[in-house]
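Open the model in your viewer and keep the selection panel at hand. The tour below goes from one selection to the next and says what is there.

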Amino acid sequence: MVPVSITEPAVRSFLFYSGVLGLKVLSMAFLTARQRMKKKVFANPEDAAAKKSAVVKFDDEDVERVRRAHLNDLENIPLFWVLGGLYLTTGPSAATAITLFRVYTAGRILHTIVYAVTPLPQPARGIAFGVPMMITLYMGVTVASHYLSAF
Ligand SMILES: N[C@@H](CCC(=O)N[C@@H](CS)C(=O)NCC(=O)O)C(=O)O
């Protein structure tokens, strides 16, 4: 394992983009709440009772869209945190690692924009999903092949 220091640019970049992605995931709760307030659609009777003419509904198209985008973040971003950190221990070039972290973060933000903020026709979401997915796959393969000799 290559020693990883917090002073290295690639490590600092990983920490920065990890923080940005964490905030991005948190922002999905606000996006969902905003959509619920706008559509007056809630998941619990006590929430609906707190707003005039609101209803309990589980199939509102716009609310569900934001919820799916949130779930998609949860299916993908935690893997970036794990594999990105492990990838740093394989001794990648700083320029490559920083580019991967930047592109990954931009892709995930774009995924939310084209899915839940301003829905766009495919392949917009497919690309915004696929590029970060390829980066995670690349980091996973790099980690697995780097440590293959351990077996
Ligand atoms: N859990 C995902 C797995 C595949 C995936 O993540 N596809 C991307 C690109 S098409 C996506 O944005 N899926 C929409 C979603 O997760 O709601 C799904 O059900 O679609």
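The stops cover confidence, then helix pairs, then a salt bridge.

This is a predicted model, in which local features need pLDDT of at least 70 and side-chain atom pairs count only at pLDDT 80 or more, while totals for chains, interfaces and linings use all residues. Residues are numbered from 1 along each chain as its sequence is written, and side-chain values use heavy atoms, with hydrogens and water left out.

**Colour by confidence.** The model has an ipTM of 0.98 and a pTM of 0.96.

**Select 94–117 and 124–146.** These are helices H4 and H5; helices are DSSP runs (H or I, at least four residues), numbered from the N terminus. Their axes come within 8 Å and cross at roughly 150 degrees. Axes are lines fitted to C-alpha atoms over the stretch in contact, and angles run from 0 to 180 degrees between N-to-C directions. H4 and H5 are therefore roughly antiparallel, a label for angles over 145 degrees. Their crossing is left-handed, meaning that the near helix is turned anticlockwise from the far one by less than a right angle.

Now show side chains. The H4 residues in contact (heavy atoms within 4.5 Å) include Leu-100, Phe-101 and Tyr-104, and those of H5 include Phe-129, Pro-132 and Ile-135. The contact of H4 with H5 divides into 15 nonpolar, 3 polar and 2 charged residues. Ala, Val, Leu, Ile, Met, Phe, Trp, Tyr, Cys and Pro count as nonpolar, Asp, Glu, Lys and Arg as charged, and the others, Gly among them, as polar.

Which side chain meets Asp-73 in a salt bridge? Lys-24 does, at 2.7 Å, N to O. A salt bridge is a side-chain nitrogen of Lys or Arg within 4 Å of a carboxyl oxygen of Asp or Glu. Asp-73 lies in H3 and Lys-24 in H1, so the pair ties together parts that are 49 residues apart in sequence. The count by this rule is 5 salt bridges.

H1 and H3 pack at about 170 degrees, with axes 10 Å apart, and are therefore roughly antiparallel. Their contact divides into 16 nonpolar, 7 polar and 6 charged residues.

Terms used. Helix = DSSP H or I, 4+ residues; strand = E, 2+ residues; numbered from the N terminus. Parallel < 35°, antiparallel > 145°, perpendicular 65-115°, else oblique.
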